[in-house]
Structure formats: C-alpha cells, structure tokens
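The following note sets out several points on the structure shown below. Please read it with the sequence and the model at hand.

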Amino acid sequence: MVKYVGTPASGGLTVAKIKIVNRRIAGFKRVVLAPHREKALLNAAVILAKDEIKTLMEHSSKEHHDILNFQVVMLDDEGLRTLINSQIEEQVGAARAVELAMEEYCDRMKNIGNEYLAQRSSDIRDALTRVIDILDGRNRERFVLTEPCIVVADEILPSDLAAIDRKFAKGFITEGGSYHNHANIIARTMGIPSVCGVDSEILNPLNDGKTVALDGYTGEVFISPADDVSAVFSRRMSLEQSDSEKYQQLREASVHTPDGEEVAIYANCNDPKDIALAINNGAQGIGLVRSEILFMSTTYDLSLASQIRFYTECIRAAKGHEITIRTFDIGADKPLENLQLEKEPNPALGMRGVRLMYTQQQIFETQIEALLVSADRCGRINVMIPMVAVESDITDYFTMVEKVKERLLGDGTITRDNICWGIMIETPSAALISEDLAKYVNFFSIGTNDLTQYVLAADRINTNAARYYNPVHPAVVKLVEMTVKNAVRYGIKVSVCGESAADFESAKIYIDKGVRCLSMAQNAMLPIKERLIDEFSKH
Ligand code: PEP
Ligand code: MG
C-alpha cells in the first residue's frame, strides 16, 4: 500500500481502479529538417488530426458535428495548405509554418467584415492548433471513460468534465489544481469526490489499473489499500450511504434563524441534469447556472438554436423554482479551447466576464437573444452579469440587451421581456458602490470566490497564496455586509453563491450579516441544512 495526501477538493469516499491520464506537454525543442521532410511531417500530422476530429464527430451533437466537419474540410483547403507550404520553403519548420499561416489566414477572414466568416476563424484555429500539437508531440488524450474508475491526471480541465460520462467517473486525483479552480467546483456540483495537489509520483504508469481508495474529505489517497484500510473505507462508505438516507428526510425541511426568518438553500448547477438532481434533493431554487459550460460541452454548443435548447431544458428542469442563469463568465482561470482569447499578462485583472462584451460582441448578443427567447417561451428567469466593476459594465450591457430586444419584439420573435436582471457582486468595487448599482437591477448575488481573491489579492487557484485566501476575513465580511445593507435599503434580493456558502462556519457569519439565501453545490445542501437547523434550534 502507498499513501499520498493531497488537498481535499470535493467530499466523498470512493474505491475503484485507477485510470492514468497524463497530458503534460512533452519537453520538446523544435528541430527544423529539410523542407521536403517538414512537408512529409505536416502531411502525416494533418491525416492524424482529421482522424481525431472524425472520432469526435461520432459522439457529437448535430451542431457540433457540423463544426467538426467544417474543420476536416478546412484542413484540406488548398489556399491554406499553399500558405503553410510556402512558409516551410522559408525553412521555418512545419509547426511554426502552421502557426504563421494560421495567424495570416484567420486575420484575413476576420478582416473580410463578414461576421459568419469571422466566427469560423476560431474553428480553423481549433483545427490548426490540433495539427501543431501533433507536430510538437503534445499529448491530446481525452477522458474517454468506458468503465467505473478514478481518474488520476496531471490536471483536469473543465472541458474534460463536461465531456465525461458521469456514471463511470468515481473520483479524481490530480497533481495540479486547487480547491477553487473550476474543474473542482464542477466536480463538487457533480458530487464526484476529488483530491488535488498530490505528489507527481502518483502519475507513474505502473499505477494504471491498480485499486485506489480516495477520501475526498481528508485528501488521503491509498494505492492498493491494505485490508484494514479497505475495511475502514467500506464501513465509512456504508455510513455515508445511511447518512444520505437520513439527509433525504431533510429535503423538505427549511432553515429559520432564531428570529424566525427563513434562510433559503439554493443550488449552483452547470446543466439540466445537475438542476434536476438539485431539485430532487430539495433545492428551493437554482442560484447560479454557469452558462460558460456551453463552451466546453459536447452536448450543446454556442449556436442560437443550441443555446435556446440549453436554457429551455434548464428552466424546465427547475420545475417552476426560481432559476438564475449567469451570462458567460469566461477568461482568467476559465480558459477555453474553442475561443482563442488574447494572451494577457494578468488575466484575472484583464478581459474576463462581462468585459468581454467589448471584444466578443456577437457571442454576447447571441446569448442575450437565446435568453430572451427561452424566457419568453418557458417562463420568467433571472439572469445575472458577472465581474461587474463599474456602472458602465451594466449600462453598456443593457444597451446591448435593448438593441437585441427591440429587434426581437419588432419582428415578433418574442412578445415580452420575461427576464429579471441582476449582477454578481464579486469585485471590491462593485461591493463598495453597491448603493449606486442597486438602481439598475432586481438582485445581487455575492460571488465570494472572486470577491475574496480580489479583496485579499490572493489568486484563487494559487495554492501558495492559500494562507491569504479567506472568504470570512473581516475585509470580505465587511463588503458582504455592506452589499446586503444596500440591497435591503433598495428593496432588491441578495444571495451568496460562492463556495463558502457551503461552509458551515462561513454560512453562519453571512447569515449573521443579513444574508437570507445561500446557493451551493447540490451535494452540500442537505448536510448544511442539517447543521444550520441544529444550530438555530439551540437558541
Ligand atoms: C464566485 O466568484 O464566487 C462565483 C460564484 O463565480 P465563479 O466561481 O464561477 O467565478
Ligand atoms: Mg466569480
């Protein structure tokens, strides 16, 4: 038996076989061969890239299938190949030649002034990046799970989680990552135990197929567990099972402060399946749907029709409960494979969240259209804007909403605006001017994950800065309190949807400061309900 201890990232106990997925970029140096050899390498890489894309097509939705098909066709495009080959003739090597041709070709498409072609340039980029990765020897293995297993990986990306078959993913162990990165947030909403920050030794290929016992509460990982450890795990797992039966009785229960005020427990979700599970587990509403999951999904894509399907399915899965969809929150620690954002020296302080409306206008307008149409067809929804820092973030966004709305009302696509608008309070500035922001919206949702990061200047995904990252530091709590007071003063709703809402001690502090709605990963709802009910019954 070998024991490792990492950082607990998603609670739960599990025992299963290991599947190793190590995609660390091979330490390579590009060596440039004679042009005819580089061309031969290029041809082989293109064939392999097309094969990979065709395999992806077998499991993709109609819209995604069309995009992939376009990528296959583009890889054989004569103009593009001529451009690459002429670079190779200049002795730059195949990988660099593809990079240069990609920039030139995509720039040309963008500059034609045709929105459709400009959008397609990101598909071409995606296909060509695959060719470059093949030429550079990067590992592109995907999480294709065909049997129950615990994935042991260098790192898990949100897009991996969106693509996996949940019934086979019994747990995650990663060398990299942190409690607050998005893959672990998603693992928690999916209820999959996870441990991160484990010694890289665990990636040894010899571990593949061995049995591992994973404790997502303590961060302990046992490879080939000894009999006594296995016995403890099976006892604790059956206790967990009976706990979950006990928790089921709490589904309908509600939390009240000693003064009799109700504290609603909502769920954070990623897709209609999560929402259905959360409602089944007694969620009183859905406080956050992270719509950026659409960039990573294999079931949905960014086209208008697919987005309408996604939002409609989300609304229906909420079965009449309040549901809050967040507009795309991309950038910073949510990198996306299929949207090439400009590289920035400080991404967390750069173009992320609502700020991208200035550079990705078409994507934002399509989302607004899909949300307006879905709300018109299926019933009232809340929509909130992330990363608001200044008033113009809201006013400029609403100008875009008005433009889209006017068109849809004008041509009869919608008959009403059925959206209730809100914003996330997750920058210190938004909290400090919450009094001024309240007049624009119907609700605030406090994102303590980012608020903590920005208030304490502590990167949420940097484990070295973890000692500074405290969502109940007095500085953060003061801003939470200020936001709640301003929301109450202006008669708008306020909730907390950061991860700390699921932490009992933090939740108590927020409730003490006036928060009456907590939104969290669905598997945290019933345990926290139990503890809060117990705590408040003592008074
Ligand atoms: C937050 O910042 O608290 C939040 C809920 O948003 P995300 O974690 O998706 O950035
Ligand atoms: Mg956030």
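1. Phenylalanine 172 stands opposite serine 194 in β6. Strand β5 (residues 169-174) and strand β6 (residues 194-196) run parallel and are joined by 2 bridges. Two strands count as paired if DSSP finds at least two bridges between them. Helices (H or I, at least four residues) and strands (E, at least two) are DSSP runs, numbered from the N terminus.

2. On the origin of the values: this is a predicted model, in which local features need pLDDT of at least 70 and side-chain atom pairs count only at pLDDT 80 or more, while totals for chains, interfaces and linings use all residues. Residues are numbered from 1 along each chain as its sequence is written, chains are lettered from A and ligands numbered from 1 in the order in which they are written, and side-chain values use heavy atoms, with hydrogens and water left out.

3. What is the order of the strands in the open sheet of 8 strands? The order is β1-β8-β7-β3-β4-β5-β6-β2, and the pairing is mixed. At the edges stand β1 (2-5) and β2 (7-10), each with a single partner strand, so one side of each has no neighbour in the sheet. From one strand to the next, the twist averages 30 degrees. Strands of a sheet pair through backbone hydrogen bonds, either parallel or antiparallel.

4. Helix α7 (residues 182-190) lies across β2, β5 and β6, at about 55 degrees to β2. Helix α8 (residues 227-248) lies across β3 (13-21), β7 (211-215) and β8 (220-223), at about 115 degrees to β3. Contact here means heavy atoms within 4.5 Å; axes are lines fitted to C-alpha atoms, for helices over the stretch in contact, and angles run from 0 to 180 degrees between N-to-C directions.

5. Buried means under 20% relative accessible area, exposed over 50%, and partly exposed in between (1.4 Å probe, protein chains only).

6. The structure holds 33 salt bridges, each a side-chain nitrogen of Lys or Arg within 4 Å of a carboxyl oxygen of Asp or Glu. One of them joins glutamate 104 to arginine 108, with the closest N and O atoms 3.1 Å apart. Both residues lie in helix α4 (residues 94-111), 4 residues apart, about one turn of the helix. Glutamate 104 is partly exposed at 35% relative accessibility, and arginine 108 is partly exposed at 44%.

7. Arginine 352 forms a salt bridge with aspartate 329, the closest N and O atoms being 3.3 Å apart. Arginine 352 is buried, at 0% relative accessibility, and aspartate 329 is buried, also with a value of 0%. A network of salt bridges links Glu292, Arg326, Asp329, Arg352, Asp450 and Arg460.
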